Amino acid sequence: MEQREIIQRVVGILTEGIEMRRQVRENPDGEVEPSGAVGTMLEEMLPRIEIPADATPIEVAEVVGRELSPVIEQITSAFAFSFAQLAEAHDEGRTDVTSADVLQSIALHFEDEVEE
């Protein structure tokens with residue numbers, strides 16, 4: 001999965017979080033069901049790892065770390081980038097845009113990147 005796709009997924013997850021928070025505020029006693037977007041993204045991104053039957057615990061840790069590190073780094077970078085964009089708008093005292101506006105801007109930026 002390309003970094004732009006990961007960022008778009010992360011923006012979707014953060015946007016869903018904003019909507020879930022709104023629902024909780026409107027109905028504090030109601031239940032809010034997450035869409036499962038995080039699980040779906042992880043299922044699509046995490047590699048299948050084959051561990052030899054005779055692997056020691058240290059070897060298992062090494063294989064898992066080596067296989068998962070790049071994916072975890074991509075996902076973490078996408079969340080950090082999105083957070084930084086949101087934090088920057090907040091720190092600048094921007095009252096003309098909402099968090100949802102910032103997230104939409106990120107998504108559009110990375111969508112336009114594909115078209116270029």
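Is the crossing of α2 and α3 left-handed or right-handed? The crossing of α2 and α3 is right-handed. A crossing is called left-handed if the near helix is turned anticlockwise from the far one by less than a right angle, and right-handed if clockwise.

Before we go further, here is what you are looking at. This is a predicted model, where local features need pLDDT of at least 70, side-chain atom pairs count only at pLDDT 80 or more, and totals for chains, interfaces and linings use all residues. Residues are numbered from 1 along each chain as its sequence is written, and side-chain values use heavy atoms, with hydrogens and water left out.

## How the helices pack

Helices here are DSSP runs (H or I, at least four residues), numbered from the N terminus. Two packed helices are described by the angle between their axes and the distance between the axes. The axes are lines fitted to C-alpha atoms over the stretch in contact, and the angles run from 0 to 180 degrees between N-to-C directions.

Let us start with α1 and α3. Their axes lie 9 Å apart and the helices pack at an angle of about 60°. That angle makes α1 oblique to α3. The word has a cut-off: under 35 degrees counts as roughly parallel, over 145 as roughly antiparallel, 65 to 115 as roughly perpendicular, and the rest as oblique. α1 passes α3 in a right-handed crossing. On the α1 side the contact (heavy atoms within 4.5 Å) is made by Gln 3, Ile 6, Ile 7, Val 10, Val 11, Ile 13 and Leu 14, and on the α3 side by Gln 74, Ile 75, Ser 77, Ala 78, Phe 79, Phe 81 and Ser 82.

Next come α1 and α2, the latter covering residues 37-45. Their axes come within 10 Å and cross at roughly 160°, so the two helices are roughly antiparallel to each other. This crossing is left-handed. Ile 6, Arg 9, Val 10, Ile 13 and Glu 16 of α1 make the contact with Ala 37, Val 38, Thr 40, Met 41, Glu 44 and Met 45 of α2.

Back to the pair from the opening question: the axes of α2 and α3 come within 11 Å and cross at roughly 145°. Here Met 41, Leu 42 and Met 45 in α2 meet Val 71, Gln 74, Ile 75 and Phe 79 in α3.

## A closer look at α3

Where does helix α3 have a kink? Helix α3 spans residues 57-91 and has a kink of about 40° at Leu 68, shortly before the proline Pro 70. The bend at a residue is the angle between axes fitted to the seven residues ending there and the seven starting there. After α3 comes Gly 93, whose phi is positive, near 75°.

The buried residues of α3 are Val 63, Val 71, Ile 75, Ala 78, Ser 82 and Ala 89. Buried means under 20% relative accessible area, exposed over 50%, and partly exposed in between (1.4 Å probe, protein chains only). Ser 82 has a relative accessible area of 0%, which is why it counts as buried. Leaving aside neighbours within four places in sequence, Ser 82 is in contact with Val 10, Val 11, Leu 14 and Ile 106.

## Salt bridges

How many salt bridges are there? The count comes to 5, where a salt bridge is a side-chain nitrogen of Lys or Arg within 4 Å of a carboxyl oxygen of Asp or Glu.

| Salt bridge | Closest N and O atoms |
|---|---|
| Glu 2 and Arg 4 | 3.5 Å |
| Glu 19 and Arg 22 | 2.2 Å |
| Arg 22 and Glu 26 | 2.6 Å |

Glu 19, Arg 22 and Glu 26 are linked in a network of salt bridges. Glu 19 and Arg 22 both lie in helix α1 (residues 3-26), 3 residues apart, while Arg 22 and Glu 26 lie in α1 4 residues apart. An α-helix has 3.6 residues a turn, so residues three or four places apart point the same way. Glu 19 is partly exposed at 31%, Arg 22 is partly exposed at 35%, and Glu 26 is exposed at 59%. Glu 26 and Gln 104 are 78 residues apart in sequence and 23 Å apart in space, C-alpha to C-alpha.
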